[in-house]
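This report looks at aromatic side chains and their surroundings. Please view the sequence and the structure first.

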Amino acid sequence: MREKLEYFAAWTLLKGFGALPRPLARALAASMMRIAYHLRPPLKQAAKINLQMAFPDWPQSQRDAVIDQMIRNIGWMGAEFSQFPKYTPEKIKDIIEIEGHANYRNAQKLGKGVLFLTGHMGPWELSSF
């Protein structure tokens, strides 16, 4: 029963965010993630411990700033996912920018293989559009 309730809640949020304009959906989702983060002390503790281990030389204020950006990005990604049904190749051009695409085209013209190296940052799934 719990799984069904969680699924319904997630589905409802996803559809709700999808009905909103993209900027509003992103802002609301980021706000919801901030609330969820503060309501879940184990998540807060894990984030702080992990960043302390990864970056022991950073001041706590810098680690807190990274956590805040991480929370915002998670909200943005959820909101972005909710917007997928609205996206067309034409709309995507206003949302994402692919750097170095000319290099890919040039390699194609030469008949050579192309190796893509990317960071998993942002809504990279949108590049398929």
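Y7 is exposed, with a relative accessible area of 59% (buried means under 20%, exposed over 50% and partly exposed in between, with a 1.4 Å probe and protein chains only). The model is predicted: local features need pLDDT of at least 70, side-chain atom pairs count only at pLDDT 80 or more, and totals for chains, interfaces and linings use all residues. Residues are numbered from 1 along each chain as its sequence is written, and side-chain values use heavy atoms, with hydrogens and water left out.

Y7 belongs to helix 1, residues 2-19 (a helix is a DSSP run of H or I with at least four residues, numbered from the N terminus). Together with F8 and W11, Y7 makes a nonpolar surface patch with about 400 Å² of accessible area. Such patches take residues with over 30% relative accessible area and no salt bridge, and nonpolar side chains are joined within 5 Å. A salt bridge is a Lys or Arg side-chain nitrogen within 4 Å of an Asp or Glu carboxyl oxygen. Areas come from the Shrake-Rupley method with a 1.4 Å probe.

The whole structure holds three aromatic pairs (ring centres within 6.5 Å; planes under 30 degrees apart are stacked, over 60 edge-to-face, the rest tilted). The ring centres of F55 and W58 are 3.9 Å apart and the planes are at 10°, so this pair is stacked. F55 is partly exposed at 33% relative accessibility, and W58 is partly exposed at 25%. Ring pairs also link F81, F84 and Y87 into a cluster.

Two charges sit over the ring of W76 (NZ of Lys or CZ of Arg within 6 Å of the ring centre and within 35 degrees of the ring normal).

| Charged residue | Ring | Distance to ring centre |
|---|---|---|
| R26 | W76 | 3.9 Å |
| R72 | W76 | 4.2 Å |

Definitions and conventions: Phe/Tyr/Trp six-rings, centres within 6.5 Å; stacked < 30°, edge-to-face > 60°. Patch = residues over 30% accessible without salt bridge, like charges linked within 9 Å, V, L, I, M, F, W, Y side chains within 5 Å. Helix = DSSP H or I, 4+ residues; strand = E, 2+ residues; numbered from the N terminus.
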